[in-house]
Amino acid sequence: MYAWYRGDNFDGSDKQAILAATSKEYTLTENDRGKYIFFEVTPIAQSGERVGTAVESVAAPIEVPGPEMLATTRIANGIGNVLGRAEVGDQIIIDYNKPMDVDQIGELFNISFLHSSPTLIRVDSKKIGQFAEIRTNGQIYTMNPGTSDYAYMNFNDSAGVWSENHKTLTITLANQSGDATQSTSIRGLGTLTLYSDTSAVAADGTKSVQSELTTTAESSF
């Protein structure tokens with residue numbers, strides 16, 4: 001017979017049986033985080049004295065890893081701004097699935113629009129450097145139509161505002177340099193892909209995985 005227990009004390013003095021955990025394997029759950037887990041085996045003979053003496057394992061503290069840090073992104077046109085052109089007042093909004101380490105990431109950002117196909121928007125924290133890239137759904141944003149010149153736009157020292165729960169970061173573009181007057185439109189974007197870098201850290205210490213997630217919600221500059 002098999003039994004599993006969890007408790008707060010190493011010596012098992014307060015351990016409680018984990019209901020339905022009666023096999024030789026047990027999958028840890030969120031309830032086991034920070035607890036001591038005990039495994040007990042009671043031998044049963046086929047003949048003679050059928051039930052033997054229960055033997056219990058040495059306790060081991062359990063750390064259950066939290067979920068991976070994931071994020072999606074949106075972009076929003078500033079009030080009174082021209083659709084299809086990145087301008088001061090437009091916003092980049094990043095939604096995380098867990099609270100972030102705001103002190104580590106900071107609240108000032110450099111935003112760069114690079115020529116590529118699809119368009120690449122690079123998000124750099126003034127504290128930790130690059131921590132995110134955003135790609136459009138295939139439309140080129142920074143090419144000057146009919147020419148061989150490419151616009152390269154920067155929005156340095158753009159302020160970021162964190163939500164109260166530290167899960168949403170809203171960066172408002174500021175201090176534009178570079179000429180975007182001939183840039184092609186990305187109006188009506190249906191998808192944006194966020195490439196999250198490993199430099200971003202959540203409040204619980206989880207480091208971002210090199211991840212790629214796509215937002216399907218409508219968004220546009």
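A nonpolar core is here a set of buried Ala, Val, Leu, Ile, Met, Phe, Trp, Tyr and Cys residues joined through side-chain atoms within 4.5 Å. Buried, in turn, means a relative accessible area under 20%. The model is predicted. The secondary structure of the chain comprises 1 helix and 15 strands, and 38% of its 221 residues are buried.

**Overall organisation**

- Of the contacts in the chain with a separation of 6 or more, 61% are between residues 24 or more positions apart.
- The chain has an accessible surface of about 11,800 Å², and carbon and sulfur atoms account for 51% of this area.

**Nonpolar cores**

- The largest nonpolar core has 26 residues, of which I92, I94, F109, I111, F113, V123 and F131 touch the most other members.
- At least two residues of this core come from each of β6 (71-76), β7 (91-96), α1 (102-105), β8 (108-114), β9 (120-125), β10, β11 (153-162) and β12 (168-172).
- A second, separate core consists of 5 residues, among them W4, I18, A21 and F39.
- Leaving aside residues up to four places away in sequence, V123 touches F109, N110, I111, G129, Q130, F131, A132, I134 and I171.
- I134, one of the residues that V123 touches, belongs to strand β10 (residues 129-135).
- With a relative accessible area of 0%, I134 is buried, because the cut-off is under 20%.
- The C-alpha atom of I134 is separated by 4.7 Å from that of L194, although the two residues are 60 residues apart along the chain.

**Aromatic pairs and a charge over a ring**

- The whole structure contains 5 aromatic pairs.
- In one of them, the rings of Y96 and W162 have centres 6.3 Å apart and planes at 25°, so the pair counts as stacked.
- This pair links distant parts of the chain, with Y96 in strand β7 and W162 in strand β11, 66 residues apart.
- Both partners are buried: Y96 has a relative accessible area of 7%, and W162 has a relative accessibility of 11%.
- Y2, W4, Y26 and F39 are linked into a cluster by ring pairs; W4 and F39 are also among the residues of the second core.
- K15 lies over the face of Y5, at 5.3 Å from the ring centre.

**Salt bridges**

- The structure holds 3 salt bridges.
- K35 and D8 meet through their side chains in a salt bridge with an N to O distance of 2.7 Å.
- K35 is partly exposed at 24% relative accessible area, and D8 is partly exposed at 45%.
- R122 and D124 form a salt bridge in which the closest N and O atoms are 2.8 Å apart.
- K126 and D157 form a salt bridge through their side chains, at 2.9 Å from N to O.
- Because K126 lies in the loop between β9 and β10 and D157 in strand β11, the pair ties together parts that are 31 residues apart in sequence.
- K126 is partly exposed at 46% relative accessibility, and D157 is partly exposed at 37%.

**Backbone features**

- Most residues other than glycine have a negative phi.
- D157 has a positive phi, near 55°, and is not a glycine; D157 is found in strand β11.
- N175 likewise has a positive phi, of about 55°, although it is not a glycine.
- N175 is located in the loop between β12 and β13 (176-177), and N175 counts as partly exposed at 49% relative accessibility.

Methods: Residues are numbered from 1 along each chain as its sequence is written. This is a predicted model: local features need pLDDT of at least 70, side-chain atom pairs count only at pLDDT 80 or more; totals for chains, interfaces and linings use all residues. Side-chain values use heavy atoms; hydrogens and water are left out. Helices (H or I, at least four residues) and strands (E, at least two) are DSSP runs, numbered from the N terminus. Buried means under 20% relative accessible area, exposed over 50%, partly exposed in between (1.4 Å probe, protein chains only). Contact means heavy atoms within 4.5 Å. Accessible areas come from the Shrake-Rupley method with a 1.4 Å probe; for residues, only the protein chains shown count as cover. Rings of Phe, Tyr and Trp (its six-membered ring) pair if their centres lie within 6.5 Å; planes under 30 degrees apart count as stacked, over 60 as edge-to-face and the rest as tilted. A charge sits over a ring if NZ of Lys or CZ of Arg is within 6 Å of the ring centre and within 35 degrees of the ring normal. A salt bridge is a side-chain nitrogen of Lys or Arg within 4 Å of a carboxyl oxygen of Asp or Glu.
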